[in-house]
There are 2 protein chains.
Amino acid sequence: MDNPLTPPVLADPVALTRALVDVESVSGAEKYLADCVEQVLRDRPYLQVARLGNTVMARTELGRERRVVLAGHLDTVPVADNLPSRVEGDVIYGCGTSDMKSGVPLALHLAATVPAPWYDVTYFFYECEEVESERNGLNLVARAHPEWLTADFAVLLEPTYGGVGAGCQGSLRAVVTTTGVRAHSARAWHGVNAIHAAADVLDRLRRYEPRRVTIDGCEFREGLNAVGISGGVAGNVIPDHCEVVVNYRFAPDRSEAEAEAHVRDVFAGYDVRLTDSAPGALPGLTAPPAVEFLAAVARAGDGAPPAAKLGWTDVARFAALGVPALNFGPGDPNLAHTREERVEIPRIRAGARALREWLA
Amino acid sequence: MDNPLTPPVLADPVALTRALVDVESVSGAEKYLADCVEQVLRDRPYLQVARLGNTVMARTELGRERRVVLAGHLDTVPVADNLPSRVEGDVIYGCGTSDMKSGVPLALHLAATVPAPWYDVTYFFYECEEVESERNGLNLVARAHPEWLTADFAVLLEPTYGGVGAGCQGSLRAVVTTTGVRAHSARAWHGVNAIHAAADVLDRLRRYEPRRVTIDGCEFREGLNAVGISGGVAGNVIPDHCEVVVNYRFAPDRSEAEAEAHVRDVFAGYDVRLTDSAPGALPGLTAPPAVEFLAAVARAGDGAPPAAKLGWTDVARFAALGVPALNFGPGDPNLAHTREERVEIPRIRAGARALREWLA
């Protein structure tokens, strides 16, 4: 194997970003990239390395009082005519530059170049974050080797544009159904129109006032929205069934069960069927390694205060195991999954500086 | 060709009903049945016969002062495990027994057995009424040979359960669209939810008070209904587009243009796209042959007054050509297109008696 992750590349987070981006690794096709990463890590005598599928774990065993996790996913969404990468001025363009092949190199650079970090560190480079949860590498590790995830604090290298994305909101989807009675539309009074009945469901959504919750100084702004609606039998039939799919994004002070109860309460009187649900994660800014991490980021970066991460991320998997976790990465989350995905080189350097200051 | 429409069968409208039902003729597959009907008619020297596709026309040329049309379609909706026909007591079960192979035999029986009717008569046995208008046999005749349809009055043998179905309502379909701005559902306030916006469209439908219009003593009861709704991009996206399909059934005192203007008025402020439209037909109860027809039906049947036909039927095609037209048939319209389709034998006999009294 002609590994593109050579020592000079590993020594430079910007070069490493380009090298990682240029190894295509759409979800399900991470094997070659995982092989390259594993080889680099196995070459380091101070790391214990293990692998599960295309997820590579490496950890120091220095006997430090505390252990922290740095985790990043190797996969990307499908390429959109945006590989190989290209550089224009201070910006690298290409699939994964934001999400999250500018975050992953911060961890890989440290793993390759810092033999004796301040904390014991567990590094994860994992597969299939962009697809269904059943294939997610961290989820597979949590089931097969939960002890690998034991730590006092975790940083997930999701794009946060150099800020700190604290915790994450939970997400729940449910189908709210209205029913009626079919009839020929020429004799509509023989029926009951289930689509008309959905007006009340949509009215409740329109009137809904989402909570804003501040936790550890971070404001989580909730939302309850219709993300789908469907109904209708034929062009001449009064429909007897209409489904509204709603998505509730909830602050991490609510459990999944509380979130479900809330949605059922909002749509009291209707059939509500839960289709999927994922818990939120509390910001966890008060854990000692988190305090030191925030200080290092503030010194290295622009000093912006931590903000709530509103999208769901894998920090919730750590939170579920009792491990406080944050999101931190150079990419702009609004550019993730877009054709124009890109990252600013100064943000990569600032991110690397912050992590090195914290760990080295 | 071994024609099942033998002289003894043609002499008995009930036997003829069973014979027609037992020749399967789902829309598009009417050829064999049309061949049988054409042969019967060509055997009658007092009839001029012509054919267009699988539509057979036959007419007397007796020089009467007035000409009437008797028209029935040969096709049925798809068979639903309900062929061949079976008889239980006074009831014939099977595909088409109501719609309209108990109406067609009334006309075919007269064509085969009444050489010198009171009016000149034009008989139509036509194809593809149950499918899109472009394939409808009467529609094809109206385009290719409009002179075939010239008449003072027409009876369409649609199921009316032995009553007289006067005129018909028009029908219009339109798509009402709401728009918004896409956003990630974790940051819904960056977007505008087009499904929530549809609440107002549905509210207008819920509040809508349909007209009731009485014409020639027949009440036409209108309706404006959603018959379909769809919206949604993905489970984590605030949708920017939602479509509500509405169906307006309008009394025949309104033209298609007036009906469209009314729907646009109801949904003022929204994008409204007309998808299809068919005019209504006035009852036409005052034309002289209609008056005599109503008298004959009253004498032969239960004397129920004519009622508005609320579903759209091909009478509207005659109305559009200036020919007053009615619906009259033994079947129950509520059983049309059902697996349990059936007809009561006494109603077939009463219908045949009424038409014979009127014409012979």
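**Reading a predicted two-chain model**

Modeller: Chain B can be laid on chain A by a turn of 180° and a shift of 0.2 Å along the axis, with an RMSD of 0.2 Å.

Colleague: What should I know about the model itself?

Modeller: This is a predicted model, where local features need pLDDT of at least 70, side-chain atom pairs count only at pLDDT 80 or more, and totals for chains, interfaces and linings use all residues. Residues are numbered from 1 along each chain, chains are lettered from A, and side-chain values use heavy atoms, without hydrogens and water.

Colleague: How many residues has the largest nonpolar core?

Modeller: In soluble globular proteins, nonpolar side chains tend to be buried together. A nonpolar core joins buried Ala, Val, Leu, Ile, Met, Phe, Trp, Tyr and Cys residues through side-chain atoms within 4.5 Å. Here the largest has 67 residues. Phe293(A) and Trp358(A) are among those with the most contacts inside it.

Colleague: How do I read an aromatic pair?

Modeller: Take the distance of the centres and the angle of the planes. Centres must lie within 6.5 Å; planes under 30 degrees apart are stacked, over 60 edge-to-face, the rest tilted. Phe153(A) and Phe293(A) have ring centres 6.0 Å apart and planes at 55°, so the pair is tilted.

Colleague: Are these two residues buried or exposed?

Modeller: Phe153(A) and Phe293(A) are both buried (under 20% relative accessible area, with a 1.4 Å probe and protein chains only).

How values were computed. Buried < 20%, exposed > 50% of the residue type's maximum accessible area, 1.4 Å probe, protein only. Least-squares fit on C-alpha atoms with pLDDT ≥ 70 in both.
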